[in-house]
Amino acid sequence: MTDALPRPSVRTRLAGRGVDSVTLLALPAVILLFALFIYPFGYGLWLSFTPKDGGALANYAKFFSDPFLYDTLAKTFWLAAPVTVLNVVVAIPTALRVRLARRSRLLTTILVLPITLGTVLVAEGLLTYLGPQGWLNRVLITLGLISHPLRLLHNYWGVFLSLFITGFPFAFLLTLSYVSGVDPALENAAATLGAGPRRRFWAILLPLLLPGLAITLCLSFVQAFSVFPSAVLLGAPAGPTRVISIAAYQAAFEDYDYSMASAIAIIMGVAQLAVVALILAGRGLLYRGPAGGGKG
Amino acid sequence: MGIRAANFRELRFDKLSRSFGSMQALKDVDLTIEKGEFVALLGPSGCGKSTTLNILAGLTPATSGGIWLDLTRIDTLRPEQRGFGMVFQNYALFPHMSVRANIGFGLKMRGAAKAEIARKVDEAIAMVRLQGQEDKLPGQLSGGQQQRVAIARAIVVEPPLVLMDEPLSNLDAKLRIEMRAEIRRIHNSLGATTIYVTHDQEEALSLADRIVVMREGAVRQIGAPDELYARPAHMDVAEFMGFRNRLAGKLTALEGERTSVRIGGADLGGVARAPMAVGDPIVVAARPEDMTVDAEAAVSIPVTVTSCEFHGHAFLCGGIGSGGAEVWFRSRRRLALGAEARLGVDAGKALVFPTREP
C-alpha cells in the first residue's frame, strides 16, 4: 500500500493557477492603473452624486432638463460621428494604395505627421489657413471655383476639418496594419477565379477587414467625441459647436462646480461607451478569424 | 462525370523571361504543352518554376517573351480574364466563406445561375470526396481536406488548364502519397491539362507524363519520367534525379557511347552523355543503389566506410574513396565504421559527363 502524496505547498498550488513571482511584475502597472485611473474615476463618479444642493441625482437631472446642457450631446455626436465615418472611409483606399506603393514608408510618414503636431497646433494653423485671406480660399478664388471666400472659421466646418486632419493619421495607421494582415494569396486566388479588382474588394478584402475597421471606428469615435481645443479655437463655443467637453470645462473652471463637471464627464463617458458597445456587438456577428489562406 | 475540361490544342511558351532588377529569374524559357498532358516543372528552390507558373496565371508579368494558347496570345490578359484553375501552395482558401461558397466562387464570378452553381459544386465535392463538409469554414478542416477544397475550387469551373504550385508540400508523408493518387485520378477523369510545380522528384516521376527540369531560370531537360530517370542529359539534372555520387576521373577509352574511365587507379565502364575525347577530365554519376559492395568484382573502387544508415530493405552507407571523394552506396549488411570496402558499379548505370559543363 503506497502512502498518499504530501499535499502540495501553497506556492505550487498558486503556480498551478498561473500565479507566481513573475505575476508580481504586473504589480507596478496595477498600482499605477489604480492610482491614476481607477481611483480618480471612482472619486469623480462619487463626486457626481454629491451635488451642491439637491439629492444624489440632482446633477444628472439638471443636465437633462437644461437644453443648453443636453444639446451638447447632440452637437458632439453631430461632429464626431460624420468625422469618424469619413476618416475610416478615406483611410481604406488610402491604405490599400499606400500598401502597394514603392515609397510606402515615405508616404506613411507624411500621412501620419499631423499626429505629431497635436490638436492645438493644428487648430492654430487652420485659423490662418482656412481664413478669408488664407491659402485655401485664395487658391479656390484664383482657380475660379468660387467668387467669394468660404466661411470655414468659427463654425461647424472649421472644427470638422480640424478633427479630420488630426484623426485621420490614427485611422490610417490602424487600417494599414489590418490591410497588411490579409494574405495577398487570397486576392490572387480570387483573381484566378475571375474576380476583377472591384469584386475582389467587396467579396474578399472588405469582409476580412470589417472586424478591424470596427475597432478603428470605436477608437476614432472616442477620440473625436472628446474634441476640445478644435471646438474652442475654430468653432463657435457658445452656439453650434458647443461640445460636451466645453460644458464640462465651464462647469469646472467658470462655475467652480466640480460635482456638476464630474457628472457631465460621466455622461460623456457613458455616451462613448454606448457607441463602442453597439459597434462591438455588431462586430461579434462577423467572421473574426485569421485572414490567412490556410496551412503553410 | 459532369465536369469535363474545355478544349484547346496546345500551350506554348515563347522565350519567356523575367528579371527582378539585376536578378534574372527566368531566361528564355521555351516549352510546348499539349492538351491532356500532365506536365511537372521540377527543380530546386529558386529555379524559376513558381515564377513560370505565376506568369502563366497572370499574377506577375513577364519581362519579355510570350505565352500562346493555340493562336491566342494570353500573357497580356489579366488573371481574371484567363480562366485557368490554380491551386496555391498554402491553398489560399477564403477563410470567411464556407467550403460550398469557396468552391462556388469561380462560378459565381461568371454569373452562373444559383441552381447550376449548387449542382456543379455538389459534383466537385463528390469528385474530391468531401461530402459532409460543405458548410464548414476552412479553419475547421484538416490540411488534407483544405487541399481538396482548393482543388475542387480550381476545377469546378472546368478550366482549360489547371495550375498547381507545390500543393502537397504542406502535408505529412502519408497524406502526400494518398493525395498524389487523388490528383492523378482527378486529372484523368477531368480530361484536364495540368501543370504541376514541385521540388520533389518522386512526386514528379509518379505523376507526370512529361517532366521539365529547371535550374537557375533555365530549362535543363524535358522528357518522360523514365527517360529522365535513366538518362539525364546534364550533371545537375542527374544529381537532382538521385545520382548522388560524383566521381572525378579521366576518360581512357571511348567506343560509341561506351566509355572506360580511370578512377582511383581502377578502370570502370560507363555511358557517355555528352561529346568527349579520350584524356578529358570527366565526372561519373552513379546512384547509391547502383553501387554495391562487391569484393569479387574484377574492377572495383576501394573506400573507407564513414557512415551506415538502416533503410529497411538495405543499408545506405557513406564512405571516402582514395582522393577524398565522398561515395554513397548500398549494402545488405551493416558495415563497421572505418572498415574497408570494395565497390562495383554496373557499367550501364554509370553516366559519364565532362567535368566543366555549360
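Which element gives the largest share of the lining of the largest cavity? The views below come from a predicted model, and the first of them takes up this question.

**View 1. The largest cavity, in chain B.** The largest share of the lining comes from α6(B), which supplies four residues. One cavity of 30 Å³ or more is present in the structure, and the volume of the largest cavity is about 40 Å³. Its lining consists of B:Ile155, B:Val162, B:Met164, B:Ile183, B:Ile186, B:His187, B:Leu190, B:Ala192 and B:Thr194. Two or more of the lining residues come from each of β7 (161-165) and α6 (173-190) of chain B. By class, the lining has seven nonpolar residues, two polar residues and no charged ones.

**View 2. The interface of chain A and chain B.** Chain A brings 27 residues to the contact and chain B brings 24. About 2,200 Å² is buried between the two chains, and carbon and sulfur atoms give 66% of this area. Five residue pairs in polar contact are found across the interface, with both residues at pLDDT 80 or more. On the side of chain A that touches chain B, α8 (184-192) and α9 (197-225) each provide at least two residues. That side of chain A is made up of 15 nonpolar, eight polar and four charged residues.

**View 3. The salt bridge between the chains.** One salt bridge is found across the interface of chain A and chain B. The side chains of A:Arg200 and B:Glu80 form a salt bridge, with an N to O distance of 3.3 Å.

**View 4. The largest pocket, with elements of both chains in its lining.** The largest pocket has a volume of about 540 Å³. It is lined by 19 residues, and A:Arg99, A:Leu100, A:Glu187, A:Asn188 and A:Arg200 are the closest to its centre. The lining counts nine nonpolar, four polar and six charged residues. A:Arg200, one of the residues closest to the centre of this pocket, is also the salt-bridge partner of B:Glu80.

**View 5. The second largest pocket.** This pocket has a volume of about 240 Å³. Of the 14 residues in its lining, B:Pro288, B:Glu289, B:His311, B:Leu316 and B:Arg330 lie nearest its centre. The lining divides by class into six nonpolar, four polar and four charged residues.

Note on methods
Residues are numbered from 1 along each chain as its sequence is written. Chains are lettered from A and ligands numbered from 1 in the order in which they are written. This is a predicted model: local features need pLDDT of at least 70, side-chain atom pairs count only at pLDDT 80 or more; totals for chains, interfaces and linings use all residues. Side-chain values use heavy atoms; hydrogens and water are left out. On a 1 Å grid over the protein atoms alone, a cavity is a set of points where a 1.4 Å probe fits but cannot get out, and a pocket is an open set with protein on both sides within 12 Å along at least five of seven lines; lining residues have an atom within 4 Å of a point. Grid points are joined across faces, edges and corners, and a volume is the space filled by probe spheres set on the points. Ala, Val, Leu, Ile, Met, Phe, Trp, Tyr, Cys and Pro count as nonpolar, Asp, Glu, Lys and Arg as charged, and the others, Gly among them, as polar. Contact means heavy atoms within 4.5 Å. Buried area is the accessible area (1.4 Å probe) that two parts lose on being put together, summed over both. A salt bridge is a side-chain nitrogen of Lys or Arg within 4 Å of a carboxyl oxygen of Asp or Glu. A polar contact is a pair of N or O atoms within 3.5 Å; within protein, one must be able to donate a hydrogen and the other to accept it, and residues adjacent in sequence count only if both atoms are side-chain atoms.
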